[in-house]
8 protein chains.
Amino acid sequence: MKLESSQKLLFIGDSVTDCERAKPEGEGLFGALGKGYVSYVDALLQAVYPELGIRVVNKGISGNTVRDLKNRWQEDVMNQEPDWLSIMIGINDVWRQYDTPFIKEWHVYADEYEETLRKLVTETKPFTKGLVLMTPFYLESNEQDLMRKTMDQYGQIVRKIAEETGCLFVDTQAAFNELLKELYPAVIAWDRVHPSAAGHMVLARAFLKEIGFQWDRI
Amino acid sequence: MKLESSQKLLFIGDSVTDCERAKPEGEGLFGALGKGYVSYVDALLQAVYPELGIRVVNKGISGNTVRDLKNRWQEDVMNQEPDWLSIMIGINDVWRQYDTPFIKEWHVYADEYEETLRKLVTETKPFTKGLVLMTPFYLESNEQDLMRKTMDQYGQIVRKIAEETGCLFVDTQAAFNELLKELYPAVIAWDRVHPSAAGHMVLARAFLKEIGFQWDRI
Amino acid sequence: MKLESSQKLLFIGDSVTDCERAKPEGEGLFGALGKGYVSYVDALLQAVYPELGIRVVNKGISGNTVRDLKNRWQEDVMNQEPDWLSIMIGINDVWRQYDTPFIKEWHVYADEYEETLRKLVTETKPFTKGLVLMTPFYLESNEQDLMRKTMDQYGQIVRKIAEETGCLFVDTQAAFNELLKELYPAVIAWDRVHPSAAGHMVLARAFLKEIGFQWDRI
Amino acid sequence: MKLESSQKLLFIGDSVTDCERAKPEGEGLFGALGKGYVSYVDALLQAVYPELGIRVVNKGISGNTVRDLKNRWQEDVMNQEPDWLSIMIGINDVWRQYDTPFIKEWHVYADEYEETLRKLVTETKPFTKGLVLMTPFYLESNEQDLMRKTMDQYGQIVRKIAEETGCLFVDTQAAFNELLKELYPAVIAWDRVHPSAAGHMVLARAFLKEIGFQWDRI
Amino acid sequence: MKLESSQKLLFIGDSVTDCERAKPEGEGLFGALGKGYVSYVDALLQAVYPELGIRVVNKGISGNTVRDLKNRWQEDVMNQEPDWLSIMIGINDVWRQYDTPFIKEWHVYADEYEETLRKLVTETKPFTKGLVLMTPFYLESNEQDLMRKTMDQYGQIVRKIAEETGCLFVDTQAAFNELLKELYPAVIAWDRVHPSAAGHMVLARAFLKEIGFQWDRI
Amino acid sequence: MKLESSQKLLFIGDSVTDCERAKPEGEGLFGALGKGYVSYVDALLQAVYPELGIRVVNKGISGNTVRDLKNRWQEDVMNQEPDWLSIMIGINDVWRQYDTPFIKEWHVYADEYEETLRKLVTETKPFTKGLVLMTPFYLESNEQDLMRKTMDQYGQIVRKIAEETGCLFVDTQAAFNELLKELYPAVIAWDRVHPSAAGHMVLARAFLKEIGFQWDRI
Amino acid sequence: MKLESSQKLLFIGDSVTDCERAKPEGEGLFGALGKGYVSYVDALLQAVYPELGIRVVNKGISGNTVRDLKNRWQEDVMNQEPDWLSIMIGINDVWRQYDTPFIKEWHVYADEYEETLRKLVTETKPFTKGLVLMTPFYLESNEQDLMRKTMDQYGQIVRKIAEETGCLFVDTQAAFNELLKELYPAVIAWDRVHPSAAGHMVLARAFLKEIGFQWDRI
Amino acid sequence: MKLESSQKLLFIGDSVTDCERAKPEGEGLFGALGKGYVSYVDALLQAVYPELGIRVVNKGISGNTVRDLKNRWQEDVMNQEPDWLSIMIGINDVWRQYDTPFIKEWHVYADEYEETLRKLVTETKPFTKGLVLMTPFYLESNEQDLMRKTMDQYGQIVRKIAEETGCLFVDTQAAFNELLKELYPAVIAWDRVHPSAAGHMVLARAFLKEIGFQWDRI
């Protein structure tokens with residue numbers, strides 16, 4: 001288990017991370033962590049490692065792209081001084097190219113995405129004890145689908161940056177692909193993006209595996 | 001793993017089971033299973049055993065005692081023809097004795113509790129492929145606390161019935177006690193009854209362990 | 001133009017037809033026809049053929065399958081005594097097989113679909129001056145997609161019944177396919193089922209072409 | 001067809017244009033263009049010319065007069081840099097003279113109307129590839145009605161400015177007059193101003209005819 | 001003054017009478033009489049004739065035609081045993097012919113209107129100390145307007161029945177015509193039917209004049 | 001009739017004047033004048049003197065004392081440039097002394113009341129064509145009641161100022177006393193302050209008598 | 001102290017008793033006893049006599065007269081089998097005579113009041129261990145006020161019945177009169193009926209004195 | 001009785017004090033003092049000492065710690081110039097250490113608590129005629145419970161400061177302990193912090209005893 005006692009673990013991202021979290025704080029009692037994978041990670045850490053006292057903070061905001069993250073990075077990440085940081089961004093960067101193709105200023109293309117993400121990761125990593133990069137994903141099993149292809153491309157960018165910078169890496173698309181072998185995408189997400197409870201559990205489990213979580217330790 | 005392909009797994013209980021589930025159905029998309037341990041069990045089963053296609057149904061109703069379960073048993077359990085059935089009841093049977101002590105007709109004392117639960121289990125088990133009995137619990141670490149003592153007594157009744165009838169048995173109090181060694185009860189439940197996300201994960205995990213769930217199988 | 005002066009044109013179907021229509025009546029002022037293709041058909045008929053005085057009625061209900069139509073056919077179709085009838089059903093019959101695969105009783109398989117639809121059409125056609133069958137559709141451009149394949153199969157059933165019974169036939173999937181050559185599905189429908197305004201206009205236009213509507217007559 | 005690939009088409013006006021559009025943006029998914037003629041124009045363009053990728057923006061605001069347009073022109077028109085611009089204004093300029101006759105400062109009389117509109121058109125036209133002027137209208141068939149007469153006068157001003165400046169011109173009153181031969185005004189608008197779906201389709205169709213739209217091209 | 005001490009005065013009609021009255025009672029404190037002419041009549045009677053103790057009851061219901069009055073006559077008029085009765089009905093009987101011309105079953109044509117109204121008046125008058133018939137009206141100053149002409153025809157029917165049966169008669173259209181000489185209809189009613197406060201005062205004043213009310217008596 | 005064509009008549013006061021008027025404007029369509037005596041005055045003026053075109057504005061605000069009026073006098077009275085002004089203030093100045101006797105800073109005693117009101121009247125009268133002073137009132141028939149006695153004292157102050165400055169004067173308490181001879185106060189106002197519709201009509205009628213209104217002129 | 005261990009004490013009455021109590025039960029946690037004197041009695045009993053375990057039930061319903069109590073007596077009193085019963089009724093019986101004087105059927109005059117109340121008391125007393133009769137009251141200090149005089153008359157009826165039947169008697173008017181010597185009625189109740197917190201405390205204290213409550217016992 | 005005529009008594013604290021009081025004022029009619037012990041103290045003072053005219057002000061704010069009090073002390077205490085001041089703070093200072101143990105910056109440890117409270121008391125006492133210090137409390141009867149022990153420690157700090165500074169002192173925990181001998185904590189507070197009506201009465205009574213209140217004086 002890579003997390004240590006009393007560390008602060010901060011998640012940043014888009015609506016998949018947000019999931020109705022409390023704002024502006026993003027931590028506390030009464031469902032402040034939202035209803036998604038962040039809440040599941042916190043619940044599993046506390047249920048299985050109660051003695052560690054990990055402090056989880058959720059700073060996801062619906063609709064965000066990497067461009068939005070950059071704009072709020074100082075306040076929502078640096079000022080929080082997290083020990084561990086997890087970033088999952090890119091879905092909206094790609095999606096807007098496909099659902100509102102004529103509004104070009106809403107698109108974040110691969111170049112800008114890569115450059116911005118790399119800059120954020122590079123500058124932040126020295127201040128953390130661990131940084132986890134999670135790929136964006138698209139719950140479409142046809143790999144030739146245009147948006148799936150673009151999303152895979154952005155996932156590759158995340159992988160590349162993780163390798164360059166020595167971050168932990170979570171391939172969420174790969175984790176979902178296991179389910180898509182058995183289940184039609186609409187079971188997990190009506191719009192192929194916002195996961196069901198099972199989908200969020202896939203994300204939580206993929207994250208936890210990467211940080212060395214042991215389900216059976218107690 | 002004790003559950004088999006395409007089986008239906010029905011949970012019945014009180015508010016801890018209910019957790020804002022859809023009514024009257026208790027299954028379907030969009031959070032129909034509620035926000036509690038039932039939803040977590042379903043999510044973990046689908047995330048880790050996607051090929052099994054387990055159908056989970058939530059029939060919890062807030063405020064219920066075993067007396068209420070008896071009254072709706074035919075419609076909410078027998079007519080549903082579940083392959084697997086999980087029962088967690090008793091918290092309100094005990095709680096009303098402590099929070100509204102003067103309204104005696106709201107109390108379900110141990111004799112009635114035991115008799116009613118045994119009857120429901122005995123009559124239903126032959127129609128199922130598996131029946132899981134979960135104890136009620138109270139998130140109070142002081143074992144001398146009066147309500148905790150009564151709750152433990154009801155938990156013992158559940159254990160006895162499970163042994164008599166050959167049901168699977170989940171000692172939820174024991175599972176919570178592990179956390180209570182490390183955490184003050186208010187972290188897990190402000191009113192010592194309705195669990196946080198972590199508390200529901202404790203319940204889900206205790207249930208899953210009993211049915212042979214393997215976190216690391218894929 | 002096949003419709004004649006003062007005729008009543010009734011649409012029946014699921015949520016794509018419903019679109020927040022007034023209930024129970026389904027006609028009148030102030031958006032009683034809903035916000036979808038039914039409203040567009042009515043608006044175009046009144047704008048271009050104001051002298052005809054066509055009376056349009058919307059009897060769509062969200063979530064309906066052909067099984068639901070059968071149950072309300074007497075009240076919502078026969079008792080209304082429409083001169084013209086348009087039926088578009090089948091999306092939910094198929095969708096439930098893909099989004100809630102484990103709840104079998106919610107599925108309407110092809111045999112039941114065909115038999116039920118044929119019976120309704122055969123028995124009703126003699127009482128109408130015209131009957132239009134519109135196929136269900138799925139806004140997925142990959143023809144190998146499983147749900148798209150099933151939907152195409154149901155569309156074929158509609159075509160067959162139309163040919164057998166001499167009904168007018170509207171191939172909505174074909175109409176949408178024209179758009180899908182140029183646009184990614186998410187532009188027209190986030191969940192690949194509920195169309196945008198443009199998607200509803202595609203449906204209205206396909207319907208109107210089949211009944212001989214002339215955009216430029218005045 | 002006068003519009004070309006990837007052009008931006010912006011509509012500005014009053015409540016007839018607004019129709020519950022999203023604010024402040026006025027474009028995007030989920031009904032952001034409102035429920036009126038702007039939405040219909042967009043839907044018909046996308047349904048019939050999907051390959052053009054026209055970007056439609058709605059900047060109508062309820063209750064506006066030409067005086068209000070002037071005040072927000074820089075932000076809502078110039079800064080948007082539209083390729084095509086459509087203006088329909090004047091109904092409230094006239095209406096306030098008739099429904100609140102004693103509150104003189106709410107009235108925009110013909111001189112101010114003409115001068116302001118001409119100035120906006122003259123200064124903006126050089127920056128656009130096309131500018132469409134739509135007349136205000138009043139759904140009253142009696143041409144001797146006082147408010148109808150004033151509205152016709154304002155419509156003549158629009159026509160004059162269109163001719164002077166070489167703008168495309170849409171005579172909405174003339175388009176409605178075709179319907180008013182067959183239908184009593186209350187069918188199209190209870191208050192003789194805010195059109196029904198059919199009324200908005202009349203507006204959309206009149207606009208589309210002027211820009212060379214072909215209903216039957218595909 | 002024709003009303004005498006402690007008499008009950010009941011008003012029945014459509015939305016012009018209703019005006020958000022309390023239901024089902026239609027009398028009592030806190031605005032139970034609604035916001036329209038019934039409330040004004042009551043207020044003026046109590047302010048100027050406080051010693052009379054007239055009891056006013058409002059039984060108007062929005063959307064009603066004379067056909068609806070017939071259906072609720074026993075309960076809402078006869079069972080109330082009013083000393084005085086005032087009837088104003090017919091606006092919707094006419095309006096539906098003009099705003100929803102294709103839904104014929106919503107129309108109440110002149111023959112049915114006359115026959116029904118005469119029957120209600122004839123049968124009820126013997127049980128009252130006074131019966132007032134108020135014409136329907138339409139706030140359109142052009143007498144050649146089709147709906148105005150029809151409304152005038154219905155007003156003539158009311159006049160005829162009043163004369164035949166010896167009822168008091170209030171020509172509301174004539175009262176409004178005085179205002180329409182000076183004011184455009186939109187000042188008094190945006191939809192030419194539902195009056196402003198001033199319009200309701202016109203109705204109250206016309207009614208009060210007919211029953212001998214003296215503004216200056218105290 | 002003292003008001004002349006096209007004049008603006010502004011009412012200022014407390015909750016009795018306010019009565020849910022539109023804010024901040026206090027004039028316009030759709031009940032902008034509120035539901036109280038201001039609305040009745042406007043309705044009667046328009047119904048009986050439609051050719052005058054009087055513009056009525058309501059600037060009452062609930063809870064106001066004369067101290068509050070002073071603070072908003074420039075904006076709500078002077079900037080409005082009314083031809084006629086009507087002031088009714090003082091109820092709260094007195095009431096707070098009786099319902100919250102211990103919160104002294106909420107009380108406006110007679111000296112401050114007189115001085116402030118005189119200053120406002122004296123400075124404003126030269127700018128108006130007519131100024132009407134209405135007394136505050138208390139719907140208690142026992143003249144020995146303490147609050148009634150204080151209210152009468154404030155009414156005397158208003159009378160004195162009216163006489164000194166040559167303002168029109170409306171003794172609202174005297175007008176209500178006529179009713180209180182016949183009716184128990186609870187009929188007109190449950191809290192003895194906020195009048196029923198009949199009570200507001202008493203106020204409107206007393207005001208109108210003072211300005212020479214003729215009910216029977218047309 | 002007249003109440004003994006584990007007894008049930010039921011209050012019945014009108015809005016002064018009701019005070020937003022839970023319905024239909026009228027007991028339990030979370031403010032089920034409402035916000036008025038019943039809640040205060042319960043709170044004081046539990047705070048000062050915690051060992052007694054008195055069970056308090058609130059069956060007040062707003063607007064009730066003694067006629068209404070009669071209609072629900074079997075269900076709301078007899079079926080509840082209270083040990084102690086407290087009745088406070090009559091305010092609405094009197095009030096309706098003064099606030100809606102023309103709606104005679106809403107009035108309950110003294111004869112009916114006395115006869116009904118005596119019958120209820122006589123028939124019920126044998127089934128209780130104690131029955132407390134509380135007078136109605138009116139927070140008007142002028143004893144010559146008409147409504148106060150009538151209320152005093154009803155209070156005398158209650159006193160007479162209490163004496164005849166040997167019930168405990170609480171003169172609430174007398175208790176309030178002590179306050180009215182010092183405080184203007186509006187301090188305690190804006191409408192002279194519904195008491196402030198202090199007014200409810202007066203009621204609670206008067207009741208408690210009658211049953212032998214000792215503030216200083218612990 | 002220590003309070004004298006016309007004195008102002010101000011309560012400051014956390015949610016137990018706040019109880020939905022009006023904001024920002026914290027005094028006035030209509031429940032402005034909230035629903036808790038402050039309202040009960042006021043009600044009992046006014047009911048039993050009506051001639052004193054004590055002015056009660058509630059400045060409690062939910063969630064506050066002593067650190068929050070310090071920040072608003074000038075505005076909410078000093079500027080109010082109370083004659084008497086009552087402070088009850090510390091519950092949240094302790095609770096956050098137990099319900100959100102990982103968010104350290106939300107905790108106010110004993111040192112800071114003592115230092116801050118002493119400073120506020122010392123500086124303020126000279127400006128008041130009386131200052132009452134109430135301990136925080138925890139409705140847990142097990143004195144070995146960790147949070148109860150900490151709360152007792154904070155209560156000791158309050159006692160010490162009271163002794164040092166000569167303030168009146170109310171041991172709320174001791175007052176509650178009397179009840180906890182007879183009643184399980186859940187009867188008085190589901191979360192062991194927010195009291196029921198009975199719990200608030202315990203607080204009010206303990207406060208009143210300390211200031212010399214005599215229940216039986218009238």
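Figure 1. The structure is a predicted model, in which local features need pLDDT of at least 70, side-chain atom pairs count only at pLDDT 80 or more, and totals for chains, interfaces and linings use all residues. Residues are numbered from 1 along each chain as its sequence is written, chains are lettered from A and ligands numbered from 1 in the order in which they are written, and side-chain values use heavy atoms, with hydrogens and water left out. Two salt bridges are found across the interface of chain C and chain A, a salt bridge being a side-chain nitrogen of Lys or Arg within 4 Å of a carboxyl oxygen of Asp or Glu. A salt bridge joins the side chains of A:Arg192 and C:Glu140, at 3.2 Å from N to O.

**Figure 2. The side of chain C that touches chain A.** Helix H4 (91-99), helix H6 (146-165) and helix H8 (185-188) of chain C each supply at least two residues of this side, helices being DSSP runs (H or I, at least four residues) numbered from the N terminus. With four residues, H4(C) gives the most to the side of chain C that touches chain A. In total, 20 residues of chain C are in contact (heavy atoms within 4.5 Å) with 20 residues of chain A. About 1600 Å² is buried between chain C and chain A, 60% of it given by carbon and sulfur atoms; buried area is the accessible area (1.4 Å probe) that two parts lose on being put together, summed over both.

Figure 3. The same surface serves both copies, since 100% of the contact residues of chain C recur in chain A.

**Figure 4. The interface of chain B and chain A.** Chain B and chain A each bring 30 residues to their contact, and about 2900 Å² is buried between them, 70% of it on carbon and sulfur atoms. B:Met201, B:Arg205 and B:Trp215 supply 26% of the area that chain B buries against chain A, more than any other three residues. Between chain B and chain A there are zero salt bridges and two residue pairs in polar contact.

Figure 5. E:Ala186 lies in helix H8 (residues 185-188) of chain E, and counts as buried because its relative accessibility is 6%, where buried means under 20% relative accessible area (1.4 Å probe, protein chains only). Leaving aside neighbours within four places in sequence, E:Ala186 is in contact with D:Trp95, D:Tyr98, D:Asp99 and F:Leu29.

Terms used. Buried means under 20% relative accessible area, exposed over 50%, partly exposed in between (1.4 Å probe, protein chains only). A polar contact is a pair of N or O atoms within 3.5 Å; within protein, one must be able to donate a hydrogen and the other to accept it, and residues adjacent in sequence count only if both atoms are side-chain atoms.
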